[in-house]
Structure formats: structure tokens, C-alpha cells
Amino acid sequence: MDESFEELQAPPVVFPGQRGHEAAYSTAHDLLSRRAPVEALEVIEPALAEEPTNTGLRSLRAWAFLIRAQLGRAEEELKGLVADNPDDDWARHALGRALERQSRFAEALPHLRLAAAMSGDPEHETAVLRVERRLAEIGERSYDDLD
């Protein structure tokens, strides 16, 4: 393979008429959906510097951290999002997943259970079952105590 070959990257989607935080959100979301967290963070960080409490941008930053496996940073952002908006099932589920990925299953389980109850999403319910099973496998809980 030619070493001078550079991987081509598609430019972010540009949404006509959008400016400011809406454009940053749309562009960052597009980048994250294409698994480009570094590029998304380059869009998100300046927008958050102007509006640090923007929940949508903070959620996208947490998503970028999750994709990059920066689990401590994701956890910190998600804890703040859950504190600010306790009924946000996406943030709860994402926090549970960040904790699960750090093998902190007992801490993850309440967040995953609550997200599953709030959303009814089968993927969220599967995450609960996966963590419950893992807790039983490592001996932190018995299978009988998981209901």
C-alpha cells in the first residue's frame, strides 16, 4: 500500500441557516454518528465554552468520551447531566454503561435499572440483565437476589 495515501474523510454535514450552538450540535452529532469523536469534540468544546450549561452539547461530549473510552471523563459529565435532569433516561443509561465498562457493576445497576424502567427500551433491559448476570458470576450477588 502506498504510504503517501491519506485516508479521505467526509466533511461534516452543514445545515443551511443554522448558526451558533444549533450548528455545533448538528455538526457534532453527525460526526459522532460517523464515529469521529475527536472531530466532534473540536466542535463541541468551543460551543460549550460559550454556553457551558447546554445540555445537548454536554450529552454529545459525554457520547464522544464514551466512544473514545475516556470513561472517567464520560462518568463525570454524565453524573452532572443526571444531577441536573434525573429523568433523562439516555444519560442514566450512558452513566450505567460507563460504570459497567469500568467493571463497577454494583454502581452501574441502579442507573441501568432506572433507565430501563423509564424508557421501556429492550436494549436498556438487556443491559440490566447483563450486569445482573455479571454480578452473580463474580459472586457479589446470588442469582436469587437479583430481582
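In which loop does A69 lie? In this predicted model, A69 is placed in the loop between α3 (55–67) and α4 (71–84). The backbone of A69 has a phi near 60°, a positive value in a residue other than glycine. With a relative accessible area of 46%, A69 is partly exposed. A second residue with this backbone feature is S103, which is not a glycine and yet has a positive phi of about 60°. S103 belongs to the loop between α5 and α6 (105–119). Most residues other than glycine have a negative phi.

The overall architecture is helical. The chain contains 7 helices and 0 strands, and its elements follow one another from the N terminus as α-α-α-α-α-α-α. Of its 147 residues, 39% count as buried. Among contacts between residues at least 6 apart in sequence, 41% join residues at least 24 apart. As to confidence, the chain averages a pLDDT of 88, and 82% of the residues score at least 70. Over residues 12–18, however, the pLDDT is below 50, and this stretch has 10 contacts in the model beyond near neighbours in sequence.

Individual positions in the helices were then considered. L48 is part of helix α2 (residues 37–50) and counts as buried, at 5% relative accessibility. Not counting residues up to four places away in sequence, L48 touches N54, L57, R58 and R61. For one of these, R58, the C-alpha atom is 7.6 Å from that of L48, at a sequence separation of 10 residues. G56, in helix α3, is partly exposed at 27% relative accessibility. Between the C-alpha atoms of G56 and Y25 the distance is 7.2 Å, although the two residues are 31 residues apart along the chain. In helix α6, L114 is likewise partly exposed, with a relative accessible area of 35%. L114 and D88 are 26 residues apart along the chain, and 10.0 Å separates their C-alpha atoms.

The packing of helix pairs was examined next. Two packed helices are described by the angle between their axes and the distance between the axes. For α4 and α5, the angle is about 150° and the axes are 9 Å apart. These two helices are therefore roughly antiparallel to each other, the cut-off for this class being an angle over 145 degrees. The crossing of α4 past α5 is left-handed. On the α4 side the contact involves L71, E75, L78, K79, L81 and V82, which meet W90, A91, R92, A94, L95, A98, L99 and R101 of α5. By class, this contact has 10 nonpolar, no polar and 4 charged residues.

The pair α6 and α7 packs at an angle of about 155°, with an axis separation of 8 Å. This angle makes α6 roughly antiparallel to α7. Their crossing is left-handed. From α6, the residues F105, A106, L109, L112, R113, A115, A116 and S119 meet H124, E125, A127, V128, V131, E132, R134 and L135 of α7. The contact of α6 with α7 is made up of 10 nonpolar, 2 polar and 4 charged residues.

Helix α7 (residues 122–137) also meets helix α5 (residues 89–101), the axes coming within 11 Å and crossing at roughly 30°. Why are α5 and α7 described as roughly parallel? Angles under 35 degrees fall in that class, so the crossing at roughly 30° makes α5 roughly parallel to α7. This crossing, too, is left-handed. In the contact, α5 contributes D89, H93, R97 and E100, and α7 contributes E123, H124, A127, R130 and V131. The residues of this contact divide into 2 nonpolar, 2 polar and 5 charged.

Read together, the contacts place α7 against two partners. H124, A127 and V131 of α7 are among the residues that meet α6, and H124, A127 and V131 are also among those in the contact with α5. Helix α5, in turn, meets α4 through residues including W90, A91 and L95 and meets α7 through residues including D89, H93 and R97.

Note on methods:
Residues are numbered from 1 along each chain as its sequence is written. This is a predicted model: local features need pLDDT of at least 70, side-chain atom pairs count only at pLDDT 80 or more; totals for chains, interfaces and linings use all residues. Side-chain values use heavy atoms; hydrogens and water are left out. Axes are lines fitted to C-alpha atoms, for helices over the stretch in contact, and angles run from 0 to 180 degrees between N-to-C directions. Helices (H or I, at least four residues) and strands (E, at least two) are DSSP runs, numbered from the N terminus. Angles under 35 degrees count as roughly parallel, over 145 as roughly antiparallel, 65 to 115 as roughly perpendicular and the rest as oblique. A crossing is left-handed if the near helix is turned anticlockwise from the far one by less than a right angle, and right-handed if clockwise. Contact means heavy atoms within 4.5 Å. Ala, Val, Leu, Ile, Met, Phe, Trp, Tyr, Cys and Pro count as nonpolar, Asp, Glu, Lys and Arg as charged, and the others, Gly among them, as polar. pLDDT is the predictor's confidence in each residue, from 0 to 100. Buried means under 20% relative accessible area, exposed over 50%, partly exposed in between (1.4 Å probe, protein chains only).
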